[in-house]
Amino acid sequence: MSKEQYTSVQVSRQTYEKIKERLARSNMKITVSSYIESIILENLETSELMSLYGPFLSYVGNSDNTIFINDWKQRRIAGVSVNMKEDGSFSLFCDLDQSENCVHVGFVFALPQFYKILKEKGLSSKGLKIS
Ligand SMILES: [Zn+2]
């Protein structure tokens, strides 16, 4: 790609070193710039998703492997369960829609609590260990 497609932003030396360290630890073969860009894009997507669903969905809480979402439109609570598979991967299931592909499941993917549960369970996604 040509230089014109890029612009510079600055991060503190401390942040830069922290990211570099993390990349080295997790054996990720990407540059610090690519990593920062992917995090920013992910974050933008998450907040766009949240603002799309935000008005009628909200996080209530979670039990061991179920995340509860309040759906203000349907005036119901959706329980999205995290199901572990033998190969170490997982799937999500919404008890309200009896579905793996509804707005509640999509919303759960945007919740930091979901990734905490995955981490606690030591689960992996697509064969990648989440650390
Ligand atoms: Zn649902």
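Analyst: Two strands are taken to pair if DSSP finds at least two bridges between them, and strands (E, at least two residues) and helices (H or I, at least four residues) are DSSP runs numbered from the N terminus. The model is predicted, so local features need pLDDT of at least 70 and side-chain atom pairs count only at pLDDT 80 or more, while totals for chains, interfaces and linings use all residues. Residues are numbered from 1 along each chain as its sequence is written.

The sheet is open and has four strands in the order β1-β2-β3-β4, with antiparallel pairing. β1 (57-62) and β4 (90-94) stand at the edges with a single partner strand each, so one side of each is left without a neighbour in the sheet. From one strand to the next, the twist averages 25°. The antiparallel strands β2 and β3 are joined by six bridges, and Asn70 has Ile77 of β3 as its bridge partner. Helix α4 packs on the sheet, touching β1, β2, β3 and β4 (contact: C-beta atoms, placed from the backbone, within 7 Å), and its direction makes about 30° with that of β1 (axes are lines fitted to C-alpha atoms, for helices over the stretch in contact, and angles run from 0 to 180 degrees between N-to-C directions).

Gly122, with a positive phi near 65°, follows α4.

Note on methods. Two residues are in contact if their C-beta atoms, placed from the backbone, lie within 7 Å.
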